[in-house]
Amino acid sequence: MNNKDLIYFLKVAELKHLGYASQNLNLTQPALSKSISRLEKLCQTRLFKRLGRGLELTEAGHLLYQRGRVLQNSFDETLRQIAEMGAGLSGVVRLGSAGSATQFLLPAVCRVMQQLAPNIKLEIQIGMNDVLYGMLRRNELDFILGPIVKGDRPVITLPVTEDRVVVAASRQHPLAGKEASAAQLSRYGWILPAKSVAMRKWLDRYFFANHCPALDVRIEISSLAAAPELIAESGLLSFISENSLSEEVFASRLVRVLNDDVAMTRSFGITYLAENTLSPAAQRVIEVIKEYKSL
């Protein structure tokens, strides 16, 4: 069925007059009559009958009018959705986020996305960089938002901001808010992510280089940013983002242990596989993230 023929039929059915419909459609009356005849031939039945100077739908015409409106609305909605996808205004974006990004960056990004493109659905996976990179490599994520990491596959990285990871502890810890040497720090228990995580690798290398014993890691956790209460109640030292530490949920429970040497500066931003082509929706989310400082 020709979509134009259906559009013309619906307009004639609404106005119940061939002349009025031709004027409304900016179409000659003979061309409109030919369109209706073509549709009746396709349906193998009459769709209109004369009623005075106007027209009335036949029983078959009523059925086509009811179904035709549903079809046309569905067609128009499909075109709208396709256009939105092409413009990056709809679609699904699979985003891997570091825990610290979930605290200090994602809230503003999500707020702006709801204003600019509410039809984009974000599927957010929160985790440490080793887990997220594994998901990216398996094409389970479109991109990662967090510390920029290099892996075994070529990636494209887009720095957004910088972040520092520092030693922190509960406010009741003996070293809370005090200067502490590497040797002093190594005497206490820690709560840290797995050895495969970049910040843990950096920390282990630091203490090894400074001739300190291996850290006494008593709890390993997949997301430090999600566990401020656990860090505080455990009484253990930890290594967390300064951005997270500035948030009220952390600042009310934890305080930094002072040692500028035990502070890991890292570039924070977007990472995706070089071989992949990002969807318009993913590109739109990335555009918003890149404007982070002005959000």
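**View 1. Aromatic pairs in the predicted model.** Seven aromatic pairs are found in the structure, where rings of Phe, Tyr and Trp (its six-membered ring) pair if their centres lie within 6.5 Å, and planes under 30 degrees apart count as stacked, over 60 as edge-to-face and the rest as tilted. This is a predicted model, in which local features need pLDDT of at least 70, side-chain atom pairs count only at pLDDT 80 or more, and totals for chains, interfaces and linings use all residues. Residues are numbered from 1 along each chain as its sequence is written, and side-chain values use heavy atoms, with hydrogens and water left out.

**View 2. The pair of Phe-104 and Phe-268.** The ring centres of Phe-104 and Phe-268 lie 5.2 Å apart with the planes at 55 degrees, so this pair is tilted. Phe-104 belongs to helix H5 (residues 99–104) and Phe-268 to strand S11 (residues 263–273), so that the pair links distant parts of the chain, 164 residues apart; helices (H or I, at least four residues) and strands (E, at least two) are DSSP runs, numbered from the N terminus. Phe-104 is buried, at a relative accessible area of 11%, and Phe-268 is buried at 0%, where buried means under 20% relative accessible area, exposed over 50% and partly exposed in between (1.4 Å probe, protein chains only).

**View 3. The pair of Phe-104 and Tyr-292.** With centres 6.0 Å apart and planes at 80 degrees, the rings of Phe-104 and Tyr-292 form an edge-to-face pair. Tyr-292, in the segment after helix H13 (280–290), is 188 residues from Phe-104 in sequence, and Tyr-292 counts as buried at 19% relative accessibility.
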